[in-house]
Amino acid sequence: MEKVILETIQRGVHSYHKIESFPVTMGRAFDNDIILQDVTISPHHLIIDKEDGNYLIKNLSTENGTTLEGKKLGSEPAMLDIPAHFKLNNLKARLLSTDMPVEDTYVQNCSGLFCFFSSPIWAALLFLATVAIFFIERFLDTPVAKEPLFYISNVLPSVWTLLGITVVISGITRISTHRWEIIPAISIASMVFLVPQLFEYLGHFASYLFTADSFGSWLQNIASFMIIPLLLALFIVKTIHTKWLPALGVAALVYSPFLAYQVINLVDDLNLKSGFSEIPGYSQTLLPSDIRLNTTISLDDYIKDADKETSSIIEDMLIEAKKKEAKS
Amino acid sequence: MKKLLQKSALTLFLIINMLAPAFAELDTSKLYTETEKSVYQIRVINKQTGKKSSIGSGFVVSKDNILATNYHVVSEYINDPEVYSLEYLSTSGKGGTLELIDFDIVHDLAIVKSKQPMGVPLKISYLPEKGANLFSLGNPMDLGFTIIKGTNNGVLPRAIDGNILFSGSLNPGMSGGPTLDQEGNLVGVNVATSGNNISFLVPAEYLKVVLDRLEGNSFKSVDDRFAHSSNQLLENSKKIVDKIIRNKWSATKIGTFIVPAKLDKSIRCWDASRKPKKDDLFKSYFTRCSNEDNIYISSHLTVGSINFEYLWLETDKLSPARFYRRYEKSNSSVIGSRAGKRDVTNFSCHTDFTKIAEHNFKTTVCRRDYLKYKGLSDMLFTTALVGEKDKGFIFNLDFTGTDAKSSLVLFKRMLETFKWKK
């Protein structure tokens, strides 16, 4: 006799029942062949039978009912074509053939960036590097002599935040795979702090190099909007073995509170740039290394350039303002 | 006989002493009686509500239908004639409408005209000697017309276009009223007070300049008020900047730089260095200079300020990365002005590296122009020493309501006088 498999998906858990004899009854009562523990399922919810080589499904539920391929079933039996998708209320089920091909085995290989993140040594180093960055940043920002305790008390809240993010990230794997992937979570949480800081250093350097502070803000935006969600997605792909698109969706969801904050900041920034600002926007970065593309020019040349450039831009602004006034 | 003589002398002395205040009172009341019919309350009326939005005083001068007052008394009407109108109220309670003819925005004067004769014009005279009695008339706080006795303390030396220091108690509402000498001649126009009997008058000679100009063109009204203001402000700004450029400047040492400090009598410098702390790992010196001059344009807009500041930072204890973190935080300059988006454009800035006193500086020029006052700009200049790992030096200079080209010349001239001295 041909064997079929009945798959039920309950709370993200897939259960497979090998069906060898018909009819098969499904429901919450204990006299069913397949017992489903869900209060939305009727005690006797449906029957699957086989007649003349055809599979039939019959809904018995008068409460929440059954849908087959998206259509609600009545009290009459309906034909099932394997593979068949049906739902007992919201509980998904499939009737499958035993010779149906299965997905390729996911080979756990330790190549690439994630292997590096999964190594306890590297995770510890990344964690220590992040804590060190917290200290260095606080130290650079304090141009007065302070006791070590001052720095420790200032850095501790950031370290707690880092650990909190580690728990949140590894919580993703706990929910879906029932494992705490702490080591890669430490690495990813550290990178969440390290990468924006690295981009800030790069942006600062570029702002001075090109004598334009916009480079810094663009690099920071890239770090905020792209790098952190990508790191989270990488973690999800590698630990839960999902595809990139759903992983990016989950990453965006997890990151959304921070993302919303960043979006508000960016919109404010763009508003300021497009609207009126009483604050002059000019390149204020200063670097001790003094590495820059612009060479030093004479004061005469500078004054001529400055006069020419500012006059021409102001003239355009005045024309624009007149046009706006004429419109209103 | 000797006793009688002594008694008579004593009696005469007492009589003279008793009579002296009586004579003074007589002078003041006589002056008031003679001039009260030439002094009016000036009211700016909101056309929509018909109610007064601001008040001041004014007086008849030059012709019987011409009145002088302060620019700031009628500025709402000058800047927005669609919304506001101008009216007068006499000491006897009679009222009528007024029209603007001319104004001097720099010296805070305005000339208005009535359709009917308003009284006897006051005669303009020279300011009497320091210490002489002066009498101010006006309508303080809308309480009624008053006369106030005070003392002339001369023209202030510090301000470029010096006002008269009047030691008498002017109050709000008296602005635009006349100040007279003992003979009843006009010597100044009430303009401001700092309280405690410190008041200021616009010298009548500035009013004479405007009146002479008007007499020359048969009291023709100004066509374009904003263009008229711009021209006056630009001319004044150029005059001030040119004068500063021609002056011999005193120098001061900030860190290892010798820089110009006192550019003009009108500019005062103050040390604004932060108080050193015990655990400081760097030294910082800060000097701030300002012309402390503001020309009133409207209730939220003043121009004419010239400010500059020098900041020196040095360390032998901080690493370059740590020192520059602190240095960079100081490299931020703004203009202290309340100009908004209806007044000015955005700033346009140009930054590059320049050679000053044989050292490299990161220099920025920012400019924004006034939308209604053609040719008038706010200018911000800033330059920061670069390439020195343990030293920082920032020079900021800003002007409000100035001529861009003149201010560029002054900025360049100032930088050219910088000297490096170990």
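The model is predicted.

Start with chain A. Five of its strands build an open sheet, ordered β4-β3-β5-β6-β9. The pairing in this sheet is mixed. β4 (34–35) and β9 (78–80) of chain A are the edge strands. Each of them pairs on one side only.

Now look inside that sheet, at β5 (residues 46–51) and β6 (residues 54–59) of chain A. These two strands run antiparallel and are joined by six bridges. The loop between β5 and β6 of chain A holds Asp52(A). Asp52(A) is not a glycine, yet its phi is positive, about 50°.

One joins Phe22(A) to Pro23(A), with omega about -5°. Pro23(A) sits in the loop between β2 (13–19) and β3 (24–27) of chain A. β3 belongs to the five-stranded sheet described above. The other cis bond runs from Ile82(A) to Pro83(A), and its omega is near 0°. Pro83(A) lies in the loop between β9 and β10 (84–88) of chain A. β9 is an edge strand of that sheet.

Next come two helices of chain A. α3 (residues 148–177) packs on α4 (residues 182–209) at an angle of about 130°, and the axes are 8 Å apart. Why is the pair called oblique? An angle over 145 degrees would count as roughly antiparallel, and 65 to 115 as roughly perpendicular, so α3(A) is oblique to α4(A). The crossing is right-handed. From α3(A), the contact uses Leu162(A), Ile165(A), Thr166(A), Ile169(A) and Ser170(A). From α4(A), residues including Ile182(A), Ala185(A), Val192(A) and Phe193(A) take part. By class, the contact of α3(A) with α4(A) has 10 nonpolar residues, three polar and no charged.

Move on to the meeting of the two chains. Here 48 residues of chain B are in contact with 38 residues of chain A. On the chain B side, the elements giving two or more residues are α5 (320–330), β20 (348–356), β21 (359–369), β22 (377–385) and α6 (404–416). β20(B) supplies the largest share of this side, nine residues. The chain B side divides into 20 nonpolar, 12 polar and 16 charged residues.

Chain B itself is divided into domain 1 (35–222) and domain 2 (231–420). Taken over C-alpha atoms, the centres of these two domains of chain B are 36 Å apart. Contact between them involves 12 residues of domain 1 and 11 residues of domain 2 of chain B. On the domain 1 side, helix α2 (residues 71–79) of chain B gives the most, with four residues. That side of domain 1 has six nonpolar, three polar and three charged residues.

Finish with a sheet in chain B. Three strands form an open sheet there, in the order β13-β14-β24, with antiparallel pairing. Its edge strands are β13 (251–254) and β24 (419–420) of chain B, and each pairs on one side only. Four bridges link β13(B) to β14 (residues 257–260) of chain B in the antiparallel sense. One pair to locate is Lys253(B) with its bridge partner Ile258(B) in β14(B). In general, strands of a sheet pair through backbone hydrogen bonds, either parallel or antiparallel.

Note on methods
Residues are numbered from 1 along each chain as its sequence is written. Chains are lettered from A and ligands numbered from 1 in the order in which they are written. This is a predicted model: local features need pLDDT of at least 70, side-chain atom pairs count only at pLDDT 80 or more; totals for chains, interfaces and linings use all residues. Two strands pair if DSSP finds at least two bridges between them. Axes are lines fitted to C-alpha atoms, for helices over the stretch in contact, and angles run from 0 to 180 degrees between N-to-C directions. Angles under 35 degrees count as roughly parallel, over 145 as roughly antiparallel, 65 to 115 as roughly perpendicular and the rest as oblique. A crossing is left-handed if the near helix is turned anticlockwise from the far one by less than a right angle, and right-handed if clockwise. Two residues are in contact if their C-beta atoms, placed from the backbone, lie within 7 Å. Ala, Val, Leu, Ile, Met, Phe, Trp, Tyr, Cys and Pro count as nonpolar, Asp, Glu, Lys and Arg as charged, and the others, Gly among them, as polar. Domain bounds come from an automatic or database domain assignment.
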